[in-house]
Amino acid sequence: MLHQATKRLSESSKEVFRLAKAKAETERAYRSELAKVMTAMRMDKVPIGVIGDLARGEIADLKFERDLASETYRAALSAMEALKVEINALQSIAKYQSEI
């Protein structure tokens with residue numbers, strides 16, 4: 001069981017790196033498109049006070065993708081921490097059994 005948990009931890013660390021990259025890429029795409037939309041609105045003489053809300057509304061799908069990537073990354077980190085706890089518990093059990 002300890003070997004399996006360690007293997008899962010190793011695989012999950014690779015997945016966390018992949019998710020971190022996806023998170024960063026979606027953040028970049030969101031910010032880039034937000035800047036473009038805000039600039040276009042400013043050029044169209046849209047009042048400054050509403051540009052932020054209107055621009056975010058126009059690219060809501062990108063914001064959704066960004067938020068989903070961020071939460072998926074956080075969930076993967078949490079799962080990885082749970083695996084670490086499981087491994088620690090298995091190591092404690094193994095140590096206890098070897099002392100008996």
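**View 1. Confidence across this predicted model.** Confidence is lowest in helix 3, with a mean of 92, and highest in helix 2 (residues 48-58), at 96. The score here is pLDDT, the predictor's confidence in each residue, from 0 to 100. Over the protein it averages 93, and 99% of the residues score at least 70. Helices are DSSP runs (H or I, at least four residues), numbered from the N terminus. Residues are numbered from 1 along each chain as its sequence is written, and side-chain values use heavy atoms, without hydrogens or water. Because the model is predicted, local features need pLDDT of at least 70 and side-chain atom pairs count only at pLDDT 80 or more, while totals for chains, interfaces and linings use all residues.

**View 2. One face of helix 2.** Ile51, Gly52 and Ala55 are the buried residues of helix 2 (buried: under 20% relative accessible area; exposed: over 50%; 1.4 Å probe, protein chains only). Down the helix axis they fall within an arc of 95°, so they line one face (the arc is that of the directions from the axis to the C-beta atoms). These buried residues pack against helix 1, in contact, meaning heavy atoms within 4.5 Å. Turned away from the buried side are the exposed Gly49, Asp53 and Gly57.

**View 3. The buried residues of helix 3.** Look along residues 60-99 for Arg66, Ala69, Ser70, Ala76, Met80, Leu83, Ile87 and Leu90, which are buried. Their cover includes helix 1 (2-43).

**View 4. Arg66 and Tyr30.** The charged end of Arg66 sits over the ring of Tyr30, 4.4 Å from its centre (for Arg, CZ within 6 Å of the ring centre and within 35 degrees of the ring normal; for Lys, NZ).

Notes. Helix = DSSP H or I, 4+ residues; strand = E, 2+ residues; numbered from the N terminus.
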